[in-house]
Amino acid sequence: MSEETKYVELCKGINGLDKIILREVRGCSAEVYLFGGHVTSWKNEHGEELLFVSNKAIFKPPKAIRGGIPICFPQFSNLGSLEQHGFARTRFWTIDNDPPPFPTNSSNKAFIDLILKHSEEDVKIWPHRYEFRLRITLGPGGDLMLTSRIRNTNTDGKSFTFTFAYHTYFHVTDISEVRVEGLETLDYLDNLKNRERFTEQGDAIVFESEVDKVYLSTPTKIAILDHERKRTFELRKDGLPDAVVWNPWDKKAKAIPDLGDDEYKHMLCVEAACVEKPITLKPGEEWRGRQELSAVPSSYCSGQLDPVGAFSSEEIGPA
Ligand code: TA6
């Protein structure tokens, strides 16, 4: 990257929508649309795309973008009276030029602060005032970090309650050759069985049919191993106890208009979330939820994938 190249660039994306490009010196990058506060691209230093975005994604408000990292707020899924996954992913966010103090690592230069506030229209469907600040950072080593700070700014003394998810679509080479580690033996709610509660068996999770589960009170680190590509994604989270795992498989994929029939093979959603126990904020209170993603090479030895470097980074501290 040349001296003049910007770490942060505001430009126009598909259909003239405002987009921010984050770039780091080694060549990695990320792209964020103000529509939805939605990360739509995360590339490593070789320019390889690490997130899945459907070829049929519709970049036309008010339809949410299929892929990347949709923000589900103030409602995950259909767990309430709002539209599926809440409204944050279909609203226009703005750049927050003067965010309140935010402890930052001084080596992080590629970041953007976004903000979403209640609108008079939204107050009619969700009668609360709030400030949702989202910082998206691309670290010098290519890690992608999202921190959400949500504050209750109600002036009528009322608390509010919400559920939340970073609905991350990882790009995988072949879903049949993917496994997820870190969720073994945990309880989960199975969305395909009326959200009944089950306990996962001891093995890593593999995929051979539709999956739509909410794993409860998970560890802070989850690994997604892309066997074909010999790549391991590491997801670290803080303030988000649950983890949703979703792949629609062939039949469901055909029923989703903005997803290609075979695209399910190349995507896996693993979502840092807060679903089982919703968060309640009193006026003036703030909640923070953070997700960090990295992609590292996996080594393959004696029939076992060993995620080199996975789980080796520091615990999530203050941003
Ligand atoms: O997070 C899993 C899930 O809630 C699934 O039930 C599935 O429907 C998916 O999200 C996608 O939802 P969307 O509204 O984006 O089509």
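This dialogue covers the cysteines and the sheet of a predicted model.

Reader: What do the numbering and the values rest on?

Author: Residues are numbered from 1 along each chain as its sequence is written, and side-chain values use heavy atoms, with hydrogens and water left out. The model is predicted, so local features need pLDDT of at least 70 and side-chain atom pairs count only at pLDDT 80 or more, while totals for chains, interfaces and linings use all residues.

Reader: How many disulfides does the structure hold?

Author: A disulfide is a covalent bond between the sulfur atoms of two cysteines. The cut-off here is a pair of cysteine sulfur atoms within 2.5 Å. The structure holds 0 disulfides.

Reader: Is Cys28 buried or exposed?

Author: Buried means under 20% relative accessible area, exposed over 50%, and partly exposed in between (1.4 Å probe, protein chains only). Cys28 is buried, at 2% relative accessibility. Cys72 is buried as well, at 0%.

Reader: In what order do the strands form the sheet?

Author: Strands are DSSP runs of E, at least two residues, numbered from the N terminus; two of them pair if DSSP finds at least two bridges between them. Here 4 strands form an open, antiparallel sheet, ordered β1-β2-β3-β4. β1 (8-12) and β4 (38-43) each have a single partner strand, so one side of each lacks a neighbour in the sheet.

Reader: How many bridges join β3 to β4?

Author: Strand β3 (residues 29-33) is joined to β4 by 5 bridges, and the two run antiparallel. Glu31 stands opposite Ser41 in β4.
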